Amino acid sequence: MSILELASKRHSPRAFNGTGLTWNDLADGFEAARLSSSSYNNQPWRFVVALRGETGFEALLETAVDANRKWMKDAGAIVGVMASNVLEKTGETDHAALLGVGMAVAAMELSFTEKGLASMQVGGFDRGAFKSLLQLPSHLVPVSLLAVGRLPEGHVTSEKTRKNLRDIAFRVGDNII
Ligand SMILES: Cc1cc2nc3c(=O)[nH]c(=O)nc-3n(C[C@H](O)[C@H](O)[C@H](O)COP(=O)(O)O)c2cc1C
């Protein structure tokens with residue numbers, strides 16, 4: 001599948017069929033993330049993985065807000081996504097950390113899509129609870145929970161609603177809004 005086909009196919013399903021996933025199912029997605037580019041090659045992405053059936057799965061699920069928890073419970077795995085906001089080479093703030101993490105997760109999700117898996121990120125979770133659960137040092141910032149799994153039988157994908165290209169891509173001199 002081309003990148004455009006993968007990008008069109010990837011969607012946020014808000015539904016999974018409750019089957020478990022293995023590390024092997026997720027391996028290519030993590031490799032795609034690992035190969036992603038980042039400012040100063042700082043590789044700010046950190047992931048904590050909980051497979052369905054593990055106690056960590058319930059613990060991560062618990063941090064999601066109710067509206068997300070009700071469908072995330074059927075995921076095959078939940079990945080906690082974090083950003084390291086310190087440049088390892090200099091100790092300065094990595095102002096591009098979130099961009100780097102976003103790029104890595106994007107690569108991961110397209111790889112999952114290619115493998116026939118569905119995935120969806122949520123920002124609706126309790127960051128304080130997430131930090132406490134994982135006892136995160138202060139340079140690691142919770143970013144999102146990524147639910148990965150298989151779609152239920154007969155799942156209907158909703159149509160993508162997106163801005164037009166002319167509303168997001170401009171030329172110098174245009175009124176950029
Ligand atoms: C960082 C991030 C956080 C999100 N948080 C939530 C969330 O908490 N709950 C939810 O239902 N959807 C969440 N979404 C899904 C978006 O609503 C969805 O990506 C968007 O509507 C576009 O739809 P699509 O992913 O199906 O193309 C999130 C997406 C991203 C990338």
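**Fold and ligand shell of the predicted model**

Arg-14 is placed in the loop between helix H1 (3–9) and helix H2 (23–34); helices (H or I, at least four residues) and strands (E, at least two) are DSSP runs, numbered from the N terminus. The structure is a predicted model, in which local features need pLDDT of at least 70 and side-chain atom pairs count only at pLDDT 80 or more, while totals for chains, interfaces and linings use all residues. Residues are numbered from 1 along each chain as its sequence is written.

Phi of Arg-14 is near 50°, a positive value in a residue other than glycine. Arg-14 counts as partly exposed because it has 16 C-beta neighbours inside 10 Å. A residue is termed buried if 20 or more other C-beta atoms, placed from the backbone, lie within 10 Å of its own, exposed if 12 or fewer, and partly exposed in between. Asn-41, in the loop between H2 and S1, also has a phi near 50°, positive in a residue other than glycine. Asn-41 is exposed, with 9 other C-beta atoms within 10 Å.

The ligand is surrounded by His-11, Ser-12, Arg-14, Asn-68, Gln-121, Val-122, Gly-123, Gly-124, Ser-144 and Lys-160, where a residue is near a molecule if its C-beta atom, placed from the backbone, lies within 6 Å of it. By class, this shell holds one nonpolar, seven polar and two charged residues. Ala, Val, Leu, Ile, Met, Phe, Trp, Tyr, Cys and Pro count as nonpolar, Asp, Glu, Lys and Arg as charged, and the others, Gly among them, as polar.

The chain comprises six helices and four strands, in the order α-α-β-α-α-β-α-β-α-β from the N terminus. Its radius of gyration is 17 Å, close to the 16 Å that the globule rule gives for 177 residues, so the chain is as compact as a globular protein of that length; the radius is taken over C-alpha atoms, and the rule is 2.2 Å times the number of residues to the power 0.38. Of the 177 residues, 29% count as buried.

The four strands form an open sheet in the order S1-S2-S4-S3, with antiparallel pairing; two strands pair if DSSP finds at least two bridges between them. Strand S1 (45–51) and strand S3 (118–122) stand at the edges, each with a single partner strand, so one side of each is left without a neighbour in the sheet. Eight bridges join strand S2 (residues 77–84) to the antiparallel strand S4 (residues 140–149). Val-79 has Leu-146 as its bridge partner in S4.
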